[in-house]
Amino acid sequence: MSVSEPKTVLHTYLRSARDVMIWKLEGLSEYDLRRPLVPSGTNLLGLVKHLGALEYGYFGLAFGRELPEQPWWDDEDPLADLWVPAGEDTEMILGFARRAHEFADGVIDELPLDAPGNVPWWDPGDTTLHHLLVHMIAETNRHAGHADIVRELIDGEIGLRSSGSNLPEGDDHSWVSHHDAVEHAARAHSAG
C-alpha cells in the first residue's frame with residue numbers, strides 16, 4: 001500500500017475495521033451474540049447488522065444507487081437495525097453484512113474520492129466519497145470499541161484481532177493487578 005494512494009489507504013482501514021467486528025462474534029453462542037449487556041441494549045450481532053445497514057445507506061443511497069436489498073430501517077422502531085429479533089438468524093445477519101460490504105466495495109472502487117453524494121438524513125447532506133469513507137471508518141471503529149467491551153463482558157476476550165492482541169502481554173493475575181491499581185487510584189483521587 002502506498003501513501004500516494006489515499007483511497008486504497010482509506011479502503012484498507014475500513015476493511016480492517018469490518019474484520020474486527022466479524023471477529024468479535026467468533027465462538028459465541030446465539031444468546032451471547034444477541035444479549036444486551038448495557039442499559040442501551042448494545043449487542044454484538046446488532047452492531048454488525050447496524051453497520052451493514054449504514055454501508056448500504058452511505059455508499060448506496062448517498063450516491064443514488066439502487067440497493068439490492070432493504071436495510072433494516074423501520075419508522076416504527078428507530079432502533080430496528082441495532083438488534084436482532086428471534087426470527088433473524090446469525091447467518092442471515094452475517095450474509096447481509098457481507099453483501100453490504102461487497103456492494104459498498106464496488107461503489108468505492110468505481111468512484112473517485114471527490115465524487116459528489118448526498119446523505120438524505122444529514123443537514124446539509126452534500127458530501128463526497130472521501131468524506132463518507134472517513135465517516136464510515138470512524139463509525140465502524142466506534143462500534144468496534146463497543147464490541148470490544150461487550151465481548152470482554154461476555155467471556156473476557158479483548159484486543160484488536162484473533163491472531164494477536166494489540167494489548168500488552170498478561171495473564172489473568174496481571175490483569176487483576178492492573179484493574180486493582182486503576183481502582184485504587186480512582187478511590188484515592190476521589191477521597192482527596
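Let's start with one residue. His-11 is buried, at 4% relative accessibility. It sits in helix H1. Keep in mind that this is a predicted model.

What does His-11 touch, once neighbours within four places in sequence are left aside? Three residues: Asp-105, Ile-108 and Asp-109.

Now to the aromatic rings. How many aromatic pairs does the structure hold? Four. Take Tyr-58 and Trp-121 to begin with. Their rings form a tilted pair, with 5.5 Å from centre to centre and 50 degrees between the planes. Where do the two residues lie? Tyr-58 is in helix H3, which covers residues 44-59. Trp-121 is in the loop between strand S1, 116-118, and strand S2, 126-128. The two are 63 residues apart in sequence, so the pair ties together separate parts of the chain.

Are these two partners buried or exposed? Tyr-58 has a relative accessible area of 4%, so it counts as buried. Trp-121 comes out at 40%, which means partly exposed.

Tyr-58 has another ring partner, Trp-122. That pair is tilted as well: 5.7 Å centre to centre, again with 50 degrees between the planes. It links distant parts of the chain too, with Tyr-58 in helix H3 and Trp-122 in the loop between S1 and S2. Here the separation is 64 residues.

Elsewhere, ring pairs join Tyr-56, Phe-96 and Phe-103 into a cluster.

Next, the nonpolar core. The largest one has 44 residues. Which members touch the most other members? Phe-59, Phe-63, Leu-129, Leu-132 and Leu-133. H1 (6-23), H3, H4 (90-110) and H5 (129-155) each supply at least two residues. Which element gives the largest share? That is H3, with ten residues.

To recap. His-11 is buried in the model and lies in helix H1.

Note on methods:
Residues are numbered from 1 along each chain as its sequence is written. This is a predicted model: local features need pLDDT of at least 70, side-chain atom pairs count only at pLDDT 80 or more; totals for chains, interfaces and linings use all residues. Side-chain values use heavy atoms; hydrogens and water are left out. Rings of Phe, Tyr and Trp (its six-membered ring) pair if their centres lie within 6.5 Å; planes under 30 degrees apart count as stacked, over 60 as edge-to-face and the rest as tilted. Helices (H or I, at least four residues) and strands (E, at least two) are DSSP runs, numbered from the N terminus. Buried means under 20% relative accessible area, exposed over 50%, partly exposed in between (1.4 Å probe, protein chains only). A nonpolar core is a set of buried Ala, Val, Leu, Ile, Met, Phe, Trp, Tyr and Cys residues joined through side-chain atoms within 4.5 Å. Contact means heavy atoms within 4.5 Å.
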